[in-house]
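This report concerns the arrangement of strands and helices and the nonpolar cores of one protein model. The sequence and structure are shown first.

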Amino acid sequence: MRLKLAKKIVSKVTGKVEQITIENSRLRVEADEKDSQIDLLNTEMSSIELMLDNIQARGLAGSKSCDLAGKCVLYIGGRRGAMCRMCDIVKKMNGNLVYHDGGKEDSLDSLSSAVSGADAVLFPTNCVSHSSALEAKKLCKRMAKPYLPIRSAGLGSLINGLVEINDQLDKNS
């Protein structure tokens, strides 16, 4: 009787240990994902700080570390209400920003001409339709235009994306 009870207790404890081990593994994966997000946010913050430091230090409208040199960047998706602020940021980097809402009001048919007129394309992965993102990628590849999916529709992601896309444009020049 005691042996049977002991086996039952061992079985329950073993089951609990297995559950805890599985949960521990899941939490480790989640923690690693959060660490990656933190690293990305730190990179974005560094880009913003660098841009602000350059603007303050030079008293210039544009940042020497990210001079878009008059290039046109197409921004697909995101939040229409933030476009004025985003345009200001791109102008401070000596560039032009063109906006396409990704098919909400602007037709997806007009995306081709928008990509054609741009030097590079950015779109926030959290605020653009899958069909718009896929169409933009396809058009960019066909037209040999650099494109960059950015983490979010926030200003930090935009600035980080502009710095990265500017590096791509510089390499292609």
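The text below treats the sheet, the helices packed on it and the cores.

The model is predicted: local features need pLDDT of at least 70 and side-chain atom pairs pLDDT 80 or more, whereas totals for chains, interfaces and linings use all residues. Numbering starts from 1 along each chain as its sequence is written, and side-chain values use heavy atoms, without hydrogens and water.

Helices (H or I, at least four residues) and strands (E, at least two) are DSSP runs numbered from the N terminus; strands pair if DSSP finds at least two bridges between them. An open sheet is formed by four parallel-paired strands in the order 2-1-3-4. Strand 2 (96-100) and strand 4 (147-150) are its edges, each pairing on one side only. Strand 1 (residues 72-76) and strand 3 (residues 120-124) are joined in the parallel sense by three bridges, and Tyr75 has Leu122 in strand 3 as its bridge partner.

Angles (0 to 180 degrees) are taken between N-to-C directions of axes fitted to C-alpha atoms, for helices over the stretch in contact.

| Helix | Strands touched | Angle |
|---|---|---|
| Helix 4 (residues 130-143) | strand 1, strand 3, strand 4 | about 165° with strand 3 |
| Helix 5 (residues 155-172) | strand 1, strand 3, strand 4 | about 160° with strand 4 |

A nonpolar core comprises buried Ala, Val, Leu, Ile, Met, Phe, Trp, Tyr and Cys residues joined through side-chain atoms within 4.5 Å, buried being under 20% relative accessible area with a 1.4 Å probe, protein chains only. The largest has 21 residues, of which Leu68, Tyr75, Leu97, Leu122 and Leu162 touch the most other members. Helix 5 contributes the most to this core, five residues. A second, separate core of 14 residues includes Val121, Phe123, Ala136 and Leu139.

Notes
Contact means heavy atoms within 4.5 Å. Buried means under 20% relative accessible area, exposed over 50%, partly exposed in between (1.4 Å probe, protein chains only).
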